[in-house]
Amino acid sequence: CDVGIYQNWLDKTATGLDAPQGARRDLQEKLHTENNHGSDDEITGKKRKAEHFQHDHNNQGHEHAPRTDVEQVAVDKEGEDTASHRLSEALLRIVVKKGIITPEELVAMVTSIDSFGADAEGARLVVKAWTDPKFRDLLLSDARKACIALGIAASNNTASTVLTAVENTETVHNVVVCTLCSCYPRNILGMAPDWYKSRSYRSRVIINPREVLREFGTEFDPGSNVEVRVNDSTADLRYMVVPMQPSGTRGWPEEDLRQLVTRDSLIGVTRAHSPDPALFTKFGSVRLPNAAKAFIFDCDGTLVDSNRLHLNAYKEVFAKYGLAFDARRVAELFGASSREILATISKEQGKDVDVEAMSLMKKDVYESTLPSVKRIESTFKVVEAAFAAKIPMAVVSGCRNVGKTLAAAGLERYFKVMLGQEDYENSKPAPDGYLKAARLLGVDPGACVGFEDAPFGFQALKAAQYLMTINVMHMDGYVQS
């Protein structure tokens, strides 16, 4: 266990205060100090610099009474360990043991009550980090700049504070505490829960964090060798935890991912929620809602690794007609028909060209390279699993003759409906193609899951009001040339 700060004033023998009675008192009696830190058996590794040990609140709009007074207030608020309190705790242990309620359900209810009315800014930061590797790096290196990028105030409105984000991984689990009082990134996480401010939590989590985590339902597999790090906040420095993204949710839309990030997972006492196995089934690497009745896919860049071939075809056409080729600009328009892409770029460059002739040439150049097209394996695993489960599937492409591309990649047989740009009126970002595919499958759009890789496609699926949109580029194992 790696603890950022621990000082002996939390020990009742150091403060001269009596700890709460009963179990709390027993736990407090476990506390002991060695050179103003925890025992070498419990605390190893790095310590924070000396100035952090002072917990200085000068000129920060956040002043403390003497430590003994602060702790006495905390003890007074927790109250005596009365018979009714012991009875309620015993009842809680019984209902959990009998499976009437799970620790996770209890935590969810308490979190909902404590966080009522709070903005989910922490969840926004975490989900952005899950889906954008560059933003993740920024958040971990400079959380203030990351917050500014999303229009979030990183500093509490009551004091000038520095926000630091720490990441949970397969080998490291972070948890946050303020051993002095209740320093907490309120702008990011909302109001601090009562248990976070309690003397019991503040003293116990630095000495026996695994036991405290276990009480929140967070346990580690035997032999996993997970290192637990306790991060101690100060008036100047506040922490938030970036929890691991639950398995099977890579590719999920951000609004759905935000529902998995809880306040307690941002403190580190729990993990982010995992999808309920009763409501979701895993197809390939991604968990999809059981309410889904059909899966509908884009083609290029989603099912087949063909975007490179399209770009090469556009490059050849542009060269013949005297247009400057910008691969990034062309890719931004993917999802629209080739006619629309060519018309847009020729207009941007002030060229009067025969768009129809260019479109036909682009089609011929692209189709001549079809023998080299390959399927995208991460998406194919979803298709294969859905086909085995007899879930109807369709393809909606912005290109003509989509069946040729699917046949070249060996995918044609998996789909009941295949629509190219010639099969519906308005191309993406209009929803026409996705609405027609659902109609031909006989499934309500609200019961369909859509798979896309391009902005125009995402807009089309949103307009079609599908049940869920999967960004295939975020799925595990997604690779395209």
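Colleague: A charge sits over a ring if NZ of Lys or CZ of Arg is within 6 Å of the ring centre and within 35 degrees of the ring normal; over the ring of which residue does the charged end of Arg375 sit?

Modeller: This is a predicted model, in which local features need pLDDT of at least 70 and side-chain atom pairs count only at pLDDT 80 or more, whereas totals for chains, interfaces and linings use all residues. Residues are numbered from 1 along each chain as its sequence is written, and side-chain values use heavy atoms, with hydrogens and water left out. The charged end of Arg375 lies 3.8 Å from the centre of the ring in question, which belongs to Phe380.

Colleague: How far from the ring centre of Tyr414 is the charged end of Arg413?

Modeller: Here, too, an arginine places its charged end over an aromatic ring, with Arg413 over Tyr414. The distance to the centre of the Tyr414 ring is 4.4 Å.

Colleague: How many aromatic pairs does the model hold?

Modeller: Rings of Phe, Tyr and Trp (its six-membered ring) pair if their centres lie within 6.5 Å, with planes under 30 degrees apart called stacked, over 60 edge-to-face and the rest tilted. Ring pairs also link Tyr184, Trp195, Tyr196, Tyr201 and Phe216 into a cluster. By this rule the number of aromatic pairs is 15.

Colleague: How many residues apart in sequence are the parts that the pair of Phe295 and Phe451 ties together?

Modeller: Phe295 and Phe451 form an edge-to-face pair, 5.7 Å centre to centre and with 65° between the planes. Phe295 lies in strand β8 (residues 294-297) and Phe451 in strand β11 (residues 448-452), strands being DSSP runs of E, at least two residues, numbered from the N terminus. Both Phe295 and Phe451 are buried, and because they lie in these two strands, their pair ties together parts whose separation in residues is 156.

Colleague: What distance separates the C-alpha atoms of Thr102 and Gly217?

Modeller: Thr102 is partly exposed, with a relative accessible area of 29%. Thr102 and Gly217 are 115 residues apart along the chain, and their C-alpha atoms are separated by 8.7 Å.

Conventions:
Helix = DSSP H or I, 4+ residues; strand = E, 2+ residues; numbered from the N terminus. Buried < 20%, exposed > 50% of the residue type's maximum accessible area, 1.4 Å probe, protein only.
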